[in-house]
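Welcome! Please take a look at the sequence and the model below, and then read on for a short briefing.

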Amino acid sequence: MTQKLTLIATTAMGLEAVAARELNDLGYNDLKVENGKIIFSGDPIDLCRSNLWLRTVDRIRLRVGYFKAVTFDSLFEQTKALPWADLLPEQAQFPVTGKSHKSVLHSVPDCQAIVKKAIVESLKQHYHKEWFQEDGPMYKIQVALDKDQVTLSIDTSGDGLHRRGYRRLHNEAPLKETLASAMILLSRWTPNQPFVDPFCGSGTLPIEAAMIGQNIAPGFNRSFVSESWPIIDSTCWTRARDEVESKANYDQPLMITGSDIDHNMIELSEHNAQEAGFSGLITFKQMQVADFTTKSKYGCMLGNPPYGERMGSEQQIRDLCRSLGRLFKTNKTWSFYFISSYAQFESDFGRPSSKKRKLYNGRIRTDFYQYFGKKYSD
């Protein structure tokens, strides 16, 4: 497959700019940023590269069609006219999911059924068959309507891109790997500085920091559904994975520590770090945050402190925020970054944040509080 592809990188709300910066860093400059997604174009190898490299993106979709439809007949005919046989082999499995927002065609089940029927009719004409077994490679198709504009796309990732392959075990309130990476990329941390997560839970933030610090692609240890697609030459995946290996900096020293008050979380973090290939490279220890001390002049503390249902009482949350504020006051050259849904975080911390950004931790609306330490200087 040599023609240009239109690709869609989907993101959680609030992470679009971070994902766009990631794409820029990978060499993609012609980007269209919309709510929850970034649209860009590329060759088949770019489909492979984006799946392997993007840290803050949920999945990569291949756009097949984009048009306006306000009637079911129009949706059917325009879907049928697309070159489905160029993409789907005769044995393809192609379930259809859907969503609709502020559109005349608001019945999602009807839209899904019509798109499925239209694709079948298109394939019938090409393969000269009346029935398709659907027992081959998987092509999950989505029909998405937004203000009567229809986007038809195919998921190229399979499992969501937050599934790196190392966190088979996690705590009750895990931080999604994509959000963890976004927090790190939004911080001022660099690999030559200490990185501390005092609420490490299952180890997600320290592990993601290690991957970023050594420039290890987040998809290096997993597979993707489009690897089984005949339209993507296997050499594309080989070349993309060779690039991943060549750009990794395994010799980069790391000063990454994760701590937690719960010894079970330390064991869990150590297990996950070993799964990710960082056994011995990340230090984990049982400790309460108030006991943190450091001899390093500069560094970054970044964490997801307990809040809401994860904490016993509001007083405990207030006491914790005050402890963090005292640490910032006594470590003036360190930068502190915390994500929280607790509305009084800044007042209990003891000072307004240098910068605040709205992010979503799953369905929970949170703020990412950024406290910048004194700038690094020798």
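**An enclosed helix**

Helix H6 (residues 204-213) has 10 of its 10 residues buried, so it is largely enclosed by the rest of the structure. Buried here means under 20% relative accessible area, with exposed over 50% and partly exposed in between, using a 1.4 Å probe and protein chains only. Please keep in mind that this is a predicted model: local features need pLDDT of at least 70, side-chain atom pairs count only at pLDDT 80 or more, and totals for chains, interfaces and linings use all residues. Residues are numbered from 1 along each chain as its sequence is written, and side-chain values use heavy atoms, leaving out hydrogens and water.

**Around helix H6**

- Helices (H or I, at least four residues) and strands (E, at least two) are DSSP runs, numbered from the N terminus.
- The buried residues of H6 include Thr204, Pro206, Glu208, Met211 and Gly213.
- Among the elements covering the buried residues of H6 are helix H5 (177-186), helix H8 (263-276), strand E9 (256-260) and strand E10 (282-286).
- After H6 comes Asn215, which has a positive phi, near 55°.

**Aromatic rings**

- Rings of Phe, Tyr and Trp (its six-membered ring) pair if their centres lie within 6.5 Å; planes under 30 degrees apart count as stacked, over 60 as edge-to-face and the rest as tilted.
- This rule gives a count of 17 aromatic pairs.
- Tyr127 and Phe132 have ring centres 6.3 Å apart and planes at 70°, so this pair is edge-to-face.
- Phe132 counts as buried because its relative accessibility is 7%.
- Phe328 and Tyr371 make a tilted aromatic pair, at 5.6 Å centre to centre with 55° between the planes.
- That pair links distant parts of the chain, 43 residues apart: Phe328 lies in helix H9 (residues 314-330) and Tyr371 in strand E14 (residues 364-371).
- Both Phe328 and Tyr371 are buried.
- One aromatic cluster is formed by Phe199, Phe328, Phe336, Phe338, Phe345, Phe349, Tyr369 and Tyr371.

**Charges over rings**

- A charge sits over a ring if NZ of Lys or CZ of Arg is within 6 Å of the ring centre and within 35 degrees of the ring normal.
- Lys116 places its charged end over the ring of Phe94, 3.7 Å from the centre of that ring.
- Arg188 has its charged end over the ring of Phe372, 3.8 Å from the ring centre.

**A look at Thr10**

- Thr10 belongs to strand E1 (residues 5-10).
- With 16% relative accessibility, Thr10 counts as buried.
- Leaving aside residues up to four places away in sequence, Thr10 touches (heavy atoms within 4.5 Å) Gly36, Lys37, Val57, Asp58, Arg59 and Arg61.
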